[in-house]
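Visitor: Please show me the model, and then I will ask about the details.

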Amino acid sequence: MTGKFSSYQGWSGADGIFNVRLNGNQAIGEEGDLFFNFSDTYIGEVNPVTKRRSNYIFKNNTFAYYQDGEIDFIIDKDHISPEKIESRSPNDAFNWLGDSLVIGDKYYATSLYIAKQGVLGFEQRGEDLVRFNIIDKKIDFDSRTPIIDLETNKLSYFSSDDKLQIIFGAAYFENTIQAGALNPDGYIYNYGYRDDKNASYSRGLVVSRFKEEDIEDFSKYQYLSSSGWVNDITQTIPLCERVSCEMSVTEINDINSPYYGKYLLTYQKDTIGAEIYIAISDSPYGKFENNQVIYSTPEFLYIDGISQYNAKMHPTLSSKDKYVISYNLNESSFGGNDNNGDIYHPRFIDLYQI
């Protein structure tokens, strides 16, 4: 899989990699055509000898179909940058895409509202959804419909003093019949992270939920608090600490596994770093425990000036005895991606049955 996403022509690297089966069944070991969404993407040429990039453009999101082991990158469709929303930020903005899901014949993706500001030149100041129709196993890009979460602040929350930020859309688990869940309750569980400068923990995993028919009605979203499910996003409690901005929660459906029916959290410890962790929970909204390192990414040992981040498992690429996990590489010093086109693309590892 790493080789499939290493390209020297056209689509030549991206991060923010998420995917779903367009038939809606997302369980491990099932079949169906896949659809990927990516965030920042290079489109252009990479010299195979010098690794230098040339004649490239940079887009904030791209897509791909994956069928019978072949990838068809979609680079001529734009998610379209949002209109500036003054109440979020006075600065111009663009979209990154988060995790995605399929409900019926609709494809939804989390749409991060990124303002051009801050120390790094970008800063998330809101979050929305975007919906597309699925027609004949393909995305109808012309049907793009944004669903803006402006008044309710149900997908993200930013306190006025910026000491508390809560951002969802990092991972979905669809506990539904269509998605192939073992014990479907009709809820979609939406995971995110809580950064609280007044708390003792660091970047806590949080969860919200909604019925699949209520995905566009943000007022019906619920949040797990210390007293159960509530409507107040600020009351979310951490289920795991030191998680990443992107991650995954996957149901283990191999009856031969000692963890059959449990839920596997996969994440990069502290967002940026070498250590990929997993943890286990008895439910989609229980504490994730037995945290353990499964892999230490090696690229920093032989490539200078890089960061490694946002590990996640892909149930759609996995089988019941082999779990496929991706992580991203990026430059940590300006010019690294231009000088070495081998840096900026996802890497994949296989985790054999736990």
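Visitor: How many disulfides does the structure hold?
Guide: This is a predicted model in which local features need pLDDT of at least 70, side-chain atom pairs count only at pLDDT 80 or more, and totals for chains, interfaces and linings use all residues. Residues are numbered from 1 along each chain as its sequence is written, and side-chain values use heavy atoms, with hydrogens and water left out. A disulfide is a pair of cysteine sulfur atoms within 2.5 Å. For Cys-240, the nearest cysteine sulfur is that of Cys-245, 14 Å away. The number of disulfides held is 0.

Visitor: Is Cys-240 buried or exposed?
Guide: Buried means under 20% relative accessible area, exposed over 50%, and partly exposed in between (1.4 Å probe, protein chains only). Cys-245, at 25% relative accessibility, is partly exposed. With a relative accessible area of 6%, Cys-240 is buried.

Visitor: Which residue in S14 is the bridge partner of Tyr-172?
Guide: Strand S13 covers residues 164-175 and strand S14 residues 187-196. The two run antiparallel and are joined by 10 bridges. In S14, the partner of Tyr-172 is Asn-190.

Terms used:
Two strands pair if DSSP finds at least two bridges between them. Helices (H or I, at least four residues) and strands (E, at least two) are DSSP runs, numbered from the N terminus.
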